[in-house]
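Hi everyone, thanks for making time this morning. I'd like to walk you through the pockets of a structure that may be new to you.

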Amino acid sequence: MLSTRDLLLALLVVLVWGLNFVMIKWGVEEVPPVFLTALRYLCAALPMVFFVRRPQVKTTTLVVYGLAIGFAQFGLLFSAIKLGLPAGLASLIIQTQAFFTFALAVMFLGERLGVMQVLGASVAIIGIGVIAVERFEITALLPLAMVLVAAFFWGVGNIASKRAGQIDMLSFVVWGSLVPIVPLLALSVLIEGPQAIGAALGSFSPRSVGVVVFNGYAATLIGFGLWSYLLKRYPAGLIAPFSLLVPVFGIGFAVMLTGERITLLEVVGSGFVFAGLAINILGPRLLNRRTSV
């Protein structure tokens, strides 16, 4: 059972992560998305890297984690929101990382999928299909596909963190944040151009500063740091269900703060995705309770 303090910490994490999708939307309105992602990780790495000891992991593990999470996952997510995917919807679709994580764990860690994981994934795939029907045009499907690929790379990052073993995850996140900075800056120069970067820096608003600071410190360091603390202190089955609240907060904040609206088909599809996630996370626990009675 969570203490009152740790319950509040868990709610704080999912609230911060949900609000972060609105922050991303605000950020990409003023700053090119790939460059904004680089600034996020620059903020997350500095100055913390000078105060946190390097984690005792293989360099390849750290590099894979940094590229998968920082370069691929968030580079794609920021870009998809820039291309028009609603922030609230993005906060839900990215949670399909749970299914990619299970699939990759089967392939690379020898884990076995349970009945509930297969059922949950099947229900979520139906939801993705419903949303895809609503966004049938290529221009609308592209950002949706980008977030699904981002979710895959989140799964890759999860496998890398599993391979890292029992380490200080805050240190792992801080040092992993160093990895994507240069590749992101190089990609930004290549596809967004020096002029766009210069224009963004020349007109950097207080809101953009707030977005970068929130992304780097609140969402990355505080969010992942507290989440790792909770996972170490309590069983994963007790903490994992809180992740279901991220899209709830994400969609809620997007509606309240940006006036986003989603269509009826997107609501139906989102319901299937959320149900699939709930089956995936809560189903095994319920099944174990029934078999133990």
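Let me begin with a term: a pocket here is an open set of grid points where a 1.4 Å probe fits, with protein on both sides within 12 Å along at least five of seven lines. A volume is then the space filled by probe spheres set on those points. Please keep in mind that this is a predicted model.

With that in hand, the second largest pocket comes out at about 160 Å³. Which elements each supply at least two residues of its lining? They are α3, α5 and α7, and α7 gives the most, with 4 residues. If you'd like to find the place on screen, look for lining residues including Thr60, Val64, Leu104, Phe108, Ile159 and Arg163. By type, this lining divides into 6 nonpolar, 2 polar and 1 charged.

Now over to the largest pocket, which holds about 1,400 Å³ of space. It is lined by 44 residues, and the closest to its centre are Gln97, Asn158, Lys162, Trp227 and Leu231. Several helices give two or more residues to this lining, among them α1 (4-28), α8 (169-176) and α14 (264-292). And which element gives the most to it? That's α11, with 6 residues. As for residue types, the lining of the largest pocket splits into 26 nonpolar, 14 polar and 4 charged.

Key
Residues numbered from 1 in each chain as written. Predicted model: local features only at pLDDT ≥ 70, side-chain atom pairs only at ≥ 80, totals over all residues. Heavy atoms only, no water. 1 Å grid on protein atoms, 1.4 Å probe; cavity = no way out; pocket = protein on both sides within 12 Å on 5 of 7 lines; lining within 4 Å. Nonpolar A, V, L, I, M, F, W, Y, C, P; charged D, E, K, R; others polar.
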